[in-house]
Every structure is written in structure tokens, then in C-alpha cells.
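Me: Got a model to go through. Can we start with the cavities, then look at some helix packing?

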Amino acid sequence: MATAPLFDAATHAKRWIADYCARATADDVLCSSDDPAWAAMFEELATVASDDLDHIRERVRRHAADIGMGFRISGEADERPWPVSPVPLLIDSAEWREITRGVVQRADLLETVIADLYGPGRLVERGLIPAALVTGSPYFLRPMVGLEPPGGRHLHFIAMDLGRGPTGEWRILADHLRAPAGAGYALENRLAVSRTLGGLQARLNVQRHAPFFAAFRAGIAAMCRRAEPRIGLLTPGRFNPSYPEQAHLARYLGLLLVEGADLAALENQLYVRTIGGLKRVDALWRRVDPRLLDPLAFDSHSQIGVPGLIDAYAAGNVVLSNPPGSGVLEAPAFSAFLPQLATRLLGESLHIPNIATWWCGHDRERVHVEEDLDRLLIGPAFGAAPLGLPGNKPIPGAEITGAARIALLADIARRPQDYVGQEIVRLSTMPVVIGDRLEPRPFTLRVFLARDAHGAWTVLPGGFARIGDDPDPRSTVMGEGTWSADVCIHGHEAVDQVSLLPAQDSLAVRRNPGTLPSRVADNFYWLGRYLERGEALLAAIRVMLGNSIDADGGAALSSATMGKLVGLIAGGGSAPHPLSLRRGDLTLFARQAMEDEDWHSVATINRLARCIGEGSRDRLSADMVRLLEAPFPSHRGMLDRAGSLQRRYAAIAGLSAEHMGRTSAWRFHDLGRRLERAMAMTRAVRLFGMPGATADDLSTLLDLANSQISYRQRYLTGIARVPVVDLVALDPGNPRSLAYQTERLNERLGELPVLSDDGMAEPQQALAKALTAILATTTAATMTPDTLGDMERRLAQLSDAVARRYFLQGAEPLRAVGLTLA
């Protein structure tokens, strides 16, 4: 019998390369190289993909989604998946050494220039830098002049965009100094591609990323005054376009992810507001616009800054990486002066030149730009768009015609210092999977540099590549790019297995995950409440739609019981009261309660929980985040949609119960669940379990408490009020009962930190103990609506007490009693 031919990965790789190079130009990185590493990489690709390139693209995208990679476009509500290509960019170690030499030289030059601009100012005084170039920049922050940075250096972490020209030469396209983004995406690209092409790293001796990040973390720690500093990553919040990257970096580096509201500056020290008091912060890796950092020093309208932060910085008590004001050198106009500054300050030319730039603030350069307008790229000198340029991006001069050209030339004549002319760079291409074949697309390379513990620059081996969607190789056409790719630096020497994980023989043990900011505790508490609230509302809707869920039979509820159920749902603001209790009106009512986001519906509650999940990526598992972000079910029938949602709630509850460590964050999450469930049970018992309750009322109460099966296993003779109320309200062994919730509330509150050391219960603990005592002395037969009403009021008071004790209260730095500084 004939056998199928064996798959030959090498043959497929050669065919892919030959087919690709027949369409690509001679300056493509693959086609212009005789490096055997490319063939080896495509062999690994063929081994995984066989003959289906589209399959490998989807596979790497799934790995990226599993990691939790994403980004947000400004103005969009939802995140997009991170677009990573399965084909990495390969650079051999010899070429990479030259790139490293060039970017380190440039970093030293930038450090020298910025230290002078915020220090003695000799470069401006000697005419090497025009004063208008500095003072005209919106990123020059005058309050920083004369401040000596802790550690003595202004730049700690920077990025540079490089372009490869047609002959293989590299150029610097842009510098990123304020809050360089992308290092986390480079790390995530490596993870996604490594999981897809598992053998590539060892086969090509690909240099690892971990040593770079370890050196950066050690470098920040070395600049701090304390031997064991607390380092935070300051984020603008979850609506920032690169928030997922920031959360990933914080988790990877072991940094505390904080927002401005989490921090307080007191007596020239910086603190984070936690559930256990103020904890000192020694350094911040900031991703917030520097002008918004401190409303007392910069923009007084900032709502995300920390008043007094710059005072703490000036006193040398907190390291800011990078310090505010470093973005002044990002201005494209500075590129016109860096070649001359390199010669004067370093005594040598730039190893990697930047693109030729002419600043129109000088008459000769302005005339050159006006005369060669059609051959240059016209852009803003300082980043912000001047009046003569529509939009905020550089534009090829040849594309500016008619009235727009006249307006541009007029504004250049009026405010020449706002414009630059730059050469139009043609970029090399690299292969990217489009459909079922490889296509050439232009790319740029973002390189990252950080200072190590000795203050020396270290370079992330590779960074990441941004790939354009348009085949046009001009950098202006490529824009921000459509895909990203891992960049692999390979060589003949074996690479050490370096990881940020502790050594296998390490004796250090830690069971406390670290500081819990009050904002994070608040988020986890409300995540628990929203999830429990959504599940309770969904249970009520399912009972209304399908009558009993677990009980036999299917007779319609009485109008009295249905009216109470409708009142329970409408009373929570989930939907407006229906016009009647007829089936059509009830169906519309149920749909609104489940899907109408103008009301406090299940969909609204899910959205609120999703928002918290998006802002807690550094503390939630990828599985939990995926469940929270899952789209609303689209099944045809409402009962099917409700069932799908119920299963999702059950999956989330299972992850919370069995996969989350018993940390303070989990305790607040469970605290929120227990308090919300207790309040729901109190309302349900008061509506359906009081004297005079009908069989329909009691069956509905068992359904809402998810206790039908438990009741029928205990009582075989039918349904009675007192046993039902005892089961759902007073039985401590029933995980849905009111008594069970109060016991757990006491446990959780007893496990949380207290501010006083007098051994007395704090208000929230006393309220929880009182609730337990009331239930312990109450019987099902004597329970009255007044008892339950009092219970509900006490539960609301408990919620307020928890918030007052542990959560942020406006600008209050900490509770006055028991102030602790650590």
C-alpha cells in the first residue's frame, strides 16, 4: 500500500523564500542577505505550519491573546488585539554590535545635552543651540531648571526608532525620551513567537530579553536611597492606549502599578495609600505625560498628577524615570543640531546618523526648505501641529498643493521656527504573512536602552519591528505601522539561560505578594459585588422566564408572586416596570433587564465588571480577564442567553474560589461577593418568605437562593415556610444563606490589617459581629420584615464602614487615626 510522502520542511522553506524574493526588491532584508539563519527560521515555520501560512499567523495571534496582549486607539472604547507577525526580523550579532555602538553613543550625547539645558545652559550661551529651540518647545519645563536628579542622571530609559535604507545602512528616525512605549510589547512578541516557534531560540542562539529588564530594575534601585526600595510604575489608567503593556511590565518586573490617586506627597516624601497605611515609594517609572505629573509644579488642571511630587524629587527622595522635561530633545528640530553637537561634545561623528533635517528658524535653512519643498518632508518643529499643516503628521511637500501650499508658505514666513524640512527616507522591506503567502512590507526598528546598576547603558537585544501596510517604502507612508514583529539577534555563541525568576537554589521565601493600594482593594471589592449582583439579577430573570429552574414541573407562577418578582427586578433599577404581567410585556421587561444598558441591567453590570478587569490586569489571570471581556451572548432565545451568562458567572466564581491566592486582594473580592449576596438574600426573604407566603413564593425563594435541590433532599413531604426560611437565611452550612455570608464577612474582616494596636474591634468589624449575633439569636419562626429591614440597613452601614476604612476618600492621604508610615 502506498504511503504518504514525508513532509520536508527545508524544501518548503526554500520554496517560500524563492517565491517571496521573486516579488520583493533587491534591498529586502531577506533577499539581500546570504545569512543561513533565515532559511533555518523558515524551516521552523514550515515545521509548525506545514504548507499553511495563514494557520501559523492565526496560531501566533492566539498565543498573543493568551498572553493578554492588546492596545487601544484613542477615542475607542474597546481594546484591539496586538497585531504580531509570525515572521521575526533576524539581525546577526555582528550587525547588532554596530547598532548598539551607535545608539549608546547617541544616548550619551542626549544625556550631555539635556544635563546642560537644565543645568548651566552653556550650549545656548555659546550659540550651539538656539534659545528659541529650547524655550519654544512645549516639553521644556522651566520648573526643572537647576534641579539635580537623584542618581545624577537625567535619562534612565529611552527608545529610538531606526530605519534601514536600500543599501543596508541604518538611520535614526526619532528619539523617545518622555515615556517610551513598546518594551512590554517587545517582550510579549518574544513570548508569542517563542511559543509558536519553540525551537528557534536554541537553534539560532537568539539573545534573551530578561538580562535587559533585570539590569533596568537594578539600575533604578541603585539610584534610590534605601537598600530595598519600593518601585512603582505610574500609569495614567486603563484608558491609556498602552495600558495592557504597562500592566504586563509591572507584573514581569515586580513593580507596583499605581495611578496618581494612589500616591500622596507629604513632607518631601512620596507614599502610596494602601489598606495598611501610607507606604513609602522610592522610585517611579512614569508613563504619565510629564506636564500632568504635579499640578503644583506644572499644569494646575491635572487630575491625574500628585501634588508635591516635584518637591519630593527636588529633595532627592524619589527617583523619576525619566525626569519631567526630558522630552525637549524629542523635538524633530533638534535633529538638525545633533550632528554638530556630537562633534563638539563627544569629539566624533554620529555612528548612526539621523535623517537630514533643516530647522526653518534659521534663514538659510528656511530658504532651502522653501526652494526644495517638493523633495522634502514638511513637519512640525516641536511635535504640535502649526497652523500651516493640516493634521499633526509630517507631509511630503509635493503632496501640498493649491490653497494649502499657499497657506503653508505664508505660515512658514510668519512663524518659521515652528517648521522643519526633512529628507524622505526609503525603507527596506521584510516578509510578512498576508493571506496564504509572504509579502514584502517596509519596517522600522524600535530599540530600547536602559541604565544598569553601574549607570552604564544596556540595550535590549532586538526591540520590536513595526511593519507598514502599504508596500510603498517611504517612511511617511508607513506611519505607525499595521503589524509588529519580534526582532531576533542571533549568533554562533550559545546564550545563557537568564530569567527574572529567582535561582532554583534560592532560599528566599515570600508568601505576601506585597503592597495593596487602596484603589486596587476598592476595585476588587466592587468586582466581587458586580459579579454577585449580575448573577442574582440573572437568576431572577431566569425564574421569571422559565419558572422553576431546578424543580420539576413548569406551571406558571401566580400573578401575586410574579408581581413580587417583577418588583424585585425593577426595584434594583434594572428595567422600568412592565405595563402588565402579560407574557409579551414580561418578555420585553426581561429583555430590558438583561440587555438594556440605559438601565442597571445584566449587560450594564457586566460592562462595569469588565472595566474593573481591564484596569486590574496586573493582578488577574489571563483566563479571568478573558471571561470578563467576553462579548454578550448572541443566542436566539433569551433563556439560552441567560443560561450562557450563568455558566460564565459560574466559571468566574470557580476561578475566584480555586485559582486566586488568598491575598488581601482576594479577601476584598470575597468581601464584596459576600456582602452583595447577603443583601440580595435579605431582600428575597423579606419578599417571599414572610408569614402568608404561598407555595409559589417559597419555590421562587428557593430558586433565587439556588437551594431547590438542598431543600428537597432534606424535606420529602412538601414545601413549608419555616424550613425554607431556615435554609436560605439561618443555615450556616448553606453557602447561599444569609448566616453563611455574615460568618465569611467576619472572617475576611478579621484577616485584613487594622490601624490601631489596642486590640479593640474597628467599626467595620464591630458591625459584622453585630450582624452575626442578630442572626444567631433569631429563628425562622420569629423572623419578621422589620428584622430583615434592620439587617439590610446594617449591611449598608457595613459597606460604608469598609469604604471609609480602606478605600480612597477624595484627596485624603490617610485616615487620621493610626497613621503609619513605612
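**Cavities and a helix pair**

Reply: The lining of the largest cavity divides into three nonpolar, four polar and four charged residues. Keep in mind that this is a predicted model.

Me: Which residues line the largest cavity?

Reply: The lining is made of T235, Y243, L257, E259, R519, V520, N523, G615, S616, D618 and R619.

Me: Which helix gives the most to that lining?

Reply: Helix 16, with three residues.

Me: And what volume does the largest cavity have?

Reply: About 60 Å³.

Me: How many cavities of 30 Å³ or more does the search find?

Reply: Three, over the whole structure.

Me: What is the lining of the second largest cavity, by class?

Reply: Seven nonpolar, three polar and no charged residues. The lining residues are I114, Y118, M144, L147, H154, Y313, P323, P324, G325 and S326.

Me: Switching topic. At what angle do helix 16 and helix 17 pack?

Reply: About 150 degrees, with the axes 10 Å apart. Helix 16 covers residues 518–546 and helix 17 covers residues 559–571. Angles over 145 degrees count as roughly antiparallel, so helix 16 and helix 17 are roughly antiparallel to each other.

Me: Is the crossing of helix 16 and helix 17 left-handed or right-handed?

Reply: Left-handed.

Me: Which residues meet there?

Reply: From helix 16, L537, A540, I541, V543 and M544. From helix 17, M562, L565, V566 and I569. By class, this contact has nine nonpolar residues, no polar and no charged.

Conventions: Residues numbered from 1 in each chain as written. Predicted model: local features only at pLDDT ≥ 70, side-chain atom pairs only at ≥ 80, totals over all residues. Heavy atoms only, no water. Axes fitted to C-alpha atoms, helices over the stretch in contact; angles between N-to-C directions. Helix = DSSP H or I, 4+ residues; strand = E, 2+ residues; numbered from the N terminus. Parallel < 35°, antiparallel > 145°, perpendicular 65-115°, else oblique. Left-handed = near helix turned anticlockwise from the far one by under 90°. Contact = heavy atoms within 4.5 Å. Nonpolar A, V, L, I, M, F, W, Y, C, P; charged D, E, K, R; others polar. 1 Å grid on protein atoms, 1.4 Å probe; cavity = no way out; pocket = protein on both sides within 12 Å on 5 of 7 lines; lining within 4 Å. Points joined across faces, edges and corners; volume = space filled by probe spheres on them.
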